[in-house]
Amino acid sequence: MTEQKALFLSGPGVAGSWSVRARPVPKPGPGELLVEVRATALNPVDWKVRVPPFDFLVAGAGYPAVVGLDAAGCVAGL
């Protein structure tokens, strides 16, 4: 698999829109592993990163930002 779906936030604040788009599957680095996600969810913190005081959690990564960390799956690579 060379692509995966991800939830993107287009910009800061409530004007930033959500979209699901394809992106390349990252290669795991030293000390990391690749997880094939079988289930995921948008949690309340993901929603709150759009507005202050929580927007700093996404702003440092730049926009469009991939959000959402709640996932479950199987190890697919080291």
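Helices (H or I, at least four residues) and strands (E, at least two) are DSSP runs, numbered from the N terminus. With that settled, I looked up Ala59, which sits in helix H2, residues 56–59.

Ground rules for myself: this is a predicted model, where local features need pLDDT of at least 70, side-chain atom pairs count only at pLDDT 80 or more, and totals for chains, interfaces and linings use all residues. Residues are numbered from 1 along each chain as its sequence is written, and side-chain values use heavy atoms, with hydrogens and water left out.

**Overall**
I found 2 helices and 5 strands in the protein. From the N terminus on, the order is β-β-β-α-α-β-β. The C-alpha trace spans about 35 × 25 × 20 Å along its principal axes. Of the 78 residues, 17% count as buried (under 20% relative accessible area; exposed is over 50%, partly exposed in between; 1.4 Å probe, protein chains only).

**Back to Ala59**
Ala59 counts as partly exposed because its relative accessible area is 42%. I also checked a C-alpha pair: Ala59 and Val49 are 10 residues apart along the chain and separated by 8.8 Å.

**Salt bridge**
I get 1 salt bridge in the structure (a side-chain nitrogen of Lys or Arg within 4 Å of a carboxyl oxygen of Asp or Glu). Arg38 makes it with Glu36, with the closest N and O atoms 3.7 Å apart. Arg38 is exposed at 58% relative accessible area, while Glu36 is partly exposed at 37%.

**Pocket**
I took the largest pocket next; its volume is about 1,200 Å³. For the record, on a 1 Å grid over the protein atoms alone, a pocket is an open set of points where a 1.4 Å probe fits, with protein on both sides within 12 Å along at least five of seven lines, and lining residues have an atom within 4 Å of a point. Volume here is the space filled by probe spheres set on the points, which are joined across faces, edges and corners. I count 37 lining residues, and Gln4, Lys5, Val37, Val66 and Gly68 lie nearest the centre of the pocket. The elements giving two or more residues to this lining include strand S1 (3–9), helix H1 (44–48) and strand S5 (70–77). S3 gives the largest share of the lining, 6 residues.

**Leu33**
Last stop: Leu33 lies in the loop between strand S2 (18–24) and strand S3 (34–41). With a relative accessible area of 47%, Leu33 is partly exposed.
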